[in-house]
Each structure stands twice: as structure tokens, then as C-alpha cells.
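Colleague: I am new to this one and would like to learn how to read it. Could you show it to me and take me through a few features?

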Amino acid sequence: MPSSMKGSERGVSGVRRAREIVRLGLCAALLFVLKAALAPLPNIEAVTLLVILYTLWFGRGALLILCLFVTLEGAVYGFHLWWIAYLYVWAVLWLAVTLAGHRERSTLFWAALGGIFGLSFGFLCSFPYLAAGGIHTMLGWWAAGIPFDLIHGFANFALILVLFSPLDSLWKRVNGPKTK
Amino acid sequence: MKHTARRSGLTAALLFIVLAVLMLAARCCALPAAPAGEKRITVSVTYADGTAEHFEVSTRADCLKEAAEAVLTLEGEETAHGFTVYAVNGAEADFRKGEAYWAIYADGAYAQSSADRLPVFDGGSYAFVYERL
């Protein structure tokens, strides 16, 4: 193969990679900004919806978005006990979506998955309190937050039910069916 | 394929509803509601220097915060975990500053809820204790 073709191929590959990096960075920024914008509404967030979509669209690339997002959250709000939970809780959602996404799923399925994740959020985040104060501290912390988990679950369900299809369709129209 | 997708969606939605109901039941069992009517409780405060104050309170309040505010001045803020106390009667123990916090005890045991979510029962003893981190 002539070296000039190899060079141009490298150029195209480099542009594509740069475009991918910028896109992932923008996606992480969008996650952060949307979370901050909805912060006045307790436990109502668009992060779950976007993490589901990013996982379906980018696959493992979504993990990079999550790394950026979690780092931003820690840098802005402080690296406290809740941040330890953030290190793994979104990865759990990514894993669930990755496993479920091997088959065609309906919008209702993704809404229910997001709802279940919202309901489980408090429990998943309570594990650092197990290390900090033992099982009673962990269970007490979780039980006290159940009303917020219920809001979180139903809010996720409603948001995903309404917005999943339009956003996914828009993405496919702009980028084609698969971008992983 | 579409039929399978729809069926998995309905199954997931059902699972979501069942989990929500179970969590509601768990919440009701874990944190029983305070009984209605007049209750006599003891509220104590132990300060940083070890001095303590004790108050006998007759209250119709459902939660400790409301009952304790009859005899104490509580300063703090609403957080996702309930009302977090930063000062009692002007004595500050703000955990955000990394030195100490106001621990809440109910009948001698470490409370599992914030002051505004802790139900009070007749004959109960509740304490705000200055504790170092």
C-alpha cells in the first residue's frame, strides 16, 4: 500500500479519534450540567436517562463519560463519602444496560430499568456507610432515604418513558443506527 | 422480536411496581409512625466540655425536632437525609468543618434518622451529644 494512502488513512483515523474524544467530553459535560440544573428538584435527574442512552450508543465509551462525570462531581462538590458510592453506582447501571442491550428492548423496558435503578439508588449508595458505621448505620441510612428513592424511581420511569424514544430516534437520524 | 420486546417491557414494569411496593412496606416497618396524643419525653444535651442539660418535655409533636424545639434552639439545614443539626443552643458542631458533629441518641441507642424524621414515643429519652470526628 503506498505510504501516502497510509498517511491519509492515519489522518482520517486521527480526525475520527479527536472527534470521538470531543464528543465524549461534551456528553460528560451535558451530564454534569443537567444534573446541576435539576438539583433544586430533589431526586429528579436526567443522568439515568442519559447514561442508558450513552451506553446503548457508545458501549464502553460510556465508561469514559462516566469517569469524567464522577471526577467533575467530586472536584466541584467535594470528595466525601457519597463520592465513593458514585465511583461504582453508575457503572452498575452501565453494566445492567450493556447486558440487557444485547436484545431489542422496548421504551417501557428501559423506563422500568431506570425506575428500578432509581429505587435501588439509595441501597447501592449505602455500602460506604457499612464500612463507616456497620450494618445498622447502613440499613438506617437506607431506610431513612426510601421516600427519596421512591421519588427517584418514579421520576426516572416517567422521564425515560417520555424522552427515550425521541432522543434515540434523533441520534439514529443524525449518526446512523450504530455508533459503537 | 417486537412481541418479545413488549413482553420484557411489561415484565420489567411489573418488577418495578413490585419493588416500589416492597420498599414502601419496608419503610413503614423500619420507621413506625409516632403515636398521636400527648407524650412525656426527656431531651438532653451534652456539650463539648462534658456539661449536660436535661429537660422534661410534654409534647404532641410527632418528631424529635419539633418536640426538642420547645426547650432547645436547633440550627441546621434541610438536606437529602433530613434536617442536619449544626448547632444546639448556639453551641456549634458542624461536621462540614471536619471536627465534630451533633449525634442523636434515642433511648440510649444511636438514632438511625435525622431529628425531623425520628418519631417520639411516650416515656422516651432523646439526647443531642457533642461528638468529635
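Modeller: Let us start with one residue: B:Asp107 is exposed, with a relative accessible area of 52%. The words have cut-offs: buried means under 20% relative accessible area, exposed over 50%, and partly exposed in between, with a 1.4 Å probe and protein chains only.

Colleague: Where is B:Asp107 found?

Modeller: B:Asp107 is in the loop between β6 and β7 of chain B. Its phi is positive, about 55°, although B:Asp107 is not a glycine. Another residue to look at is B:Asn89, a non-glycine with a positive phi of about 50°. B:Asn89 lies in the loop between β4 (82-88) and β5 (91-92) of chain B, and is partly exposed, with a relative accessible area of 32%.

Colleague: What should I know about the model and its numbering before going on?

Modeller: This is a predicted model, in which local features need pLDDT of at least 70 and side-chain atom pairs count only at pLDDT 80 or more, while totals for chains, interfaces and linings use all residues. Residues are numbered from 1 along each chain as its sequence is written, chains are lettered from A and ligands numbered from 1 in the order in which they are written, and side-chain values use heavy atoms, with hydrogens and water left out.

Colleague: What is the mean pLDDT of chain B?

Modeller: First the idea: pLDDT is the predictor's confidence in each residue, from 0 to 100. Where it is low, the predicted coordinates should not be read in detail. For chain B the mean is 86, and 93% of its residues reach 70 or more. The model as a whole scores ipTM 0.81 and pTM 0.71.

Colleague: Now the strands. What is the order of the open sheet of five strands in chain B?

Modeller: Strands of a sheet pair through backbone hydrogen bonds, either parallel or antiparallel. Here two strands pair if DSSP finds at least two bridges between them; the elements themselves are DSSP runs numbered from the N terminus, helices being H or I with at least four residues and strands E with at least two. The five-strand sheet of chain B runs β2-β1-β8-β6-β7, with mixed pairing. Its edges are β2 (52-59) and β7 (109-110), each with a single partner strand, so one side of each has no neighbour in the sheet.

Colleague: How many bridges join β6 and β8 of chain B?

Modeller: Seven: β6 (residues 100-106) and β8 (residues 125-132) of chain B pair in the antiparallel sense. Along that pairing, B:Tyr101 has B:Glu131 as its bridge partner, and B:Ala106 stands opposite B:Tyr126. B:Tyr126 also stands opposite B:Val43, and β1 (residues 39-46) of chain B pairs with β8(B) in the parallel sense over five bridges. Six of the eight residues of β8(B) are buried, so this strand is largely enclosed by the rest of the structure.

Colleague: And what is the order of the open sheet of three strands?

Modeller: In chain B that order is β3-β4-β5, with antiparallel pairing. β3 (74-79) and β5 of chain B stand at the edges with a single partner strand each, so each is left with one side lacking a neighbour in the sheet. β3(B) and β4(B) are joined by six bridges in the antiparallel sense, and B:Glu77 stands opposite B:Thr84 in β4(B).

Colleague: How many helices and strands does chain A have?

Modeller: Chain A has eight helices and zero strands. Its C-alpha atoms fill a box of roughly 70 × 35 × 30 Å along the principal axes, and 43% of its 180 residues count as buried.

Colleague: Is A:Thr48 buried or exposed?

Modeller: A:Thr48 is buried, with a relative accessible area of 1%. This residue is found in helix α2 (residues 47-58) of chain A. Contact means heavy atoms within 4.5 Å, and, leaving aside residues up to four places away in sequence, A:Thr48 touches residues including A:Trp90, A:Phe117, A:His152 and A:Ile160. For chain A, residues 24 or more positions apart account for 73% of the contacts with a separation of 6 or more.
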